[in-house]
Amino acid sequence: MDSFILDKVNTLPKNSRVLEVGFGSGDLLREIRKLRPDLELIGVDVSRYAVKSVQDPSIQCLCKPYEKLQIDSVDMIISVHGIDYVPYDIAYKKVRGDLKANGTLAAVLHYSHSRFMAELEWVLEGFKHAKESGDTSHIDFKKPEEIEAWIKICELVLHNSFSDTSKIFSLLDYFGMQPVTVEEIRVKDDHRPLGFGVYAKNLDKR
Ligand SMILES: C[S@@+](CC[C@H](N)C(=O)[O-])C[C@H]1O[C@@H](n2cnc3c(N)ncnc32)[C@H](O)[C@@H]1O
């Protein structure tokens with residue numbers, strides 16, 4: 001998955017600005033740093049743990065939801081199963097606004113019938129059962145507001161996933177992005193794709 005992004009990042013001109021949405025462990029940002037010491041690297045993630053885990057002062061890590069981020073335009077926005085956590089009507093409008101004219105998006109998005117999404121359906125069922133029955137013995141989160149928040153996240157990610165590439169083409173078109181490549185990302189020993197690799201250009205000619 002990361003190689004899909006790394007290939008695209010490697011085509012950037014010297015000193016370009018790159019933003020990763022939902023960087024998690026920061027592994028991808030650190031990998032990019034090794035490959036391209038010249039790039040300005042910025043990451044945004046809601047999780048404090050994510051921000052603490054990067055530990056590379058040459059990478060600017062911001063702890064906030066992407067939807068609240070204010071940033072000067074960047075040359076490339078990257079994300080591996082991170083942008084799926086932002087409602088897509090907000091996410092892709094913002095991606096377009098945050099990219100320079102002809103800037104690019106390189107992202108791996110969830111496939112709706114992947115093994116991961118099947119597991120997420122089960123997790124969601126578990127939270128819903130806890131909410132309805134009051135029995136929280138099978139889950140780590142006990143407070144009603146935590147259970148409600150997890151239900152919302154699971155539903156959002158399931159809703160934001162894609163069943164085929166044509167839906168991604170329609171989405172990009174709607175938000176004024178030109179697809180360069182949209183391809184299935186597969187992992188060994190699984191007949192289903194894990195996600196879709198999306199590489200698209202901002203058509204805005206500001
Ligand atoms: C499935 S993890 C993916 C992490 C990483 N990209 C990877 O490939 O391992 C999703 C990440 O998105 C972050 N996230 C969730 N909602 C977010 C939001 N609204 N804005 C920014 N990051 C968010 C989570 O904290 C988490 O680190």
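This is a predicted model: local features need pLDDT of at least 70, side-chain atom pairs count only at pLDDT 80 or more; totals for chains, interfaces and linings use all residues.
Started with Lys8: it lies over the face of Phe4, 4.0 Å from the ring centre. I count a charge as over a ring if NZ of Lys or CZ of Arg is within 6 Å of the ring centre and within 35 degrees of the ring normal. Lys94 has its charged end over the ring of Tyr66, at 5.0 Å from the centre.

Numbering runs from 1 along each chain as its sequence is written, and side-chain values use heavy atoms, with hydrogens and water left out.

Next, ring pairs. I found six aromatic pairs in the structure. Rings of Phe, Tyr and Trp (its six-membered ring) pair if their centres lie within 6.5 Å; planes under 30 degrees apart are stacked, over 60 edge-to-face, the rest tilted.

Tyr92 and Phe175 are 6.0 Å apart at their centres with planes at 40°, so I logged the pair as tilted. Tyr92 is in helix H4 (residues 88–98) and Phe175 in the loop between helix H7 (165–174) and strand S6 (177–185), 83 residues apart. Helices (H or I, at least four residues) and strands (E, at least two) are DSSP runs, numbered from the N terminus. Tyr92 is buried at 5% relative accessibility, and Phe175 is buried at 10%. Buried means under 20% relative accessible area, exposed over 50%, partly exposed in between (1.4 Å probe, protein chains only). Tyr92 and Phe175 also form one aromatic cluster with Tyr174.
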